[in-house]
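Look at the sequence and the model below.

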Amino acid sequence: MESLSNKKKVLEQKPLSFMERMYLPAIVKGMGITISHLFKKEATVRYPEVEREFSTNFRGMHSLKRDEKGRERCTACGLCALSCPAEAITMIAAERKPEEKHLYREEKYAATYEINMLRCIFCGLCEEACPKEAIYLDGPIVPADYLRKDFIYGKDKLVEAPLEMKK
């Protein structure tokens with residue numbers, strides 16, 4: 001197939017010298033690069049022994065916050081679940097009973113609140129969408145596990161401890 005401009009590019013190949021045919025310069029250059037890497041700083045962090053420093057905007061595991069009186073802030077509005085692009089958040093709302101007034105701020109609360117950590121992409125949109133500032137991505141790294149069902153975190157793993165239990 002001819003080019004549209006009808007211009008031809010002529011390539012001239014020089015014959016290789018004896019040293020180039022022996023590949024010695026290429027071998028020496030490759031060994032020089034390999035040896036130079038021996039004296040550079042390691043990029044690997046030896047994790048269990050050495051903790052890695054995280055940036056200030058690191059997004060870790062989710063946590064559901066409590067207010068000053070120890071009540072859950074989440075009112076089960078569902079905005080976090082709607083804003084999640086991975087659809088990792090599910091919740092079921094329930095009405096607060098009179099004897100549960102010390103546990104929940106509003107009349108409606110999340111009876112079940114689950115996050116599938118295998119689906120979560122840690123984008124932080126749930127944190128931005130929450131009008132009550134109930135969910136934050138301020139926890140540690142999500143720990144590894146063997147079973148898929150262990151990556152579905154409920155309120156038992158997400159809600160922070162009440163103030164009187166914290167120390």
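Phe 39 has a relative accessible area of 70% and is exposed, where exposed means over 50%, buried under 20%, and partly exposed in between (1.4 Å probe, protein chains only). This is a predicted model: local features need pLDDT of at least 70, side-chain atom pairs count only at pLDDT 80 or more, and totals for chains, interfaces and linings use all residues. Residues are numbered from 1 along each chain as its sequence is written, and side-chain values use heavy atoms, with hydrogens and water left out.

Q: Where is the place of Phe 39?
A: Phe 39 is exposed. Helices (H or I, at least four residues) and strands (E, at least two) are DSSP runs, numbered from the N terminus. The place of Phe 39 is in the loop between H2 and strand E1 (63-64).

Q: Which side chain meets Glu 160 in a salt bridge at 3.4 Å?
A: A salt bridge is a side-chain nitrogen of Lys or Arg within 4 Å of a carboxyl oxygen of Asp or Glu. Glu 160 is buried, with a relative accessible area of 18%. The side chain that meets Glu 160 at 3.4 Å, N to O, is that of Lys 65.

Q: How many residues apart in sequence are the parts tied together by Lys 155 and Glu 72?
A: The side chains of these two, Lys 155 and Glu 72, form a salt bridge (2.9 Å, N to O). Lys 155 lies in helix H5 and Glu 72 in the loop between E1 and H3, so the parts tied together are 83 residues apart.
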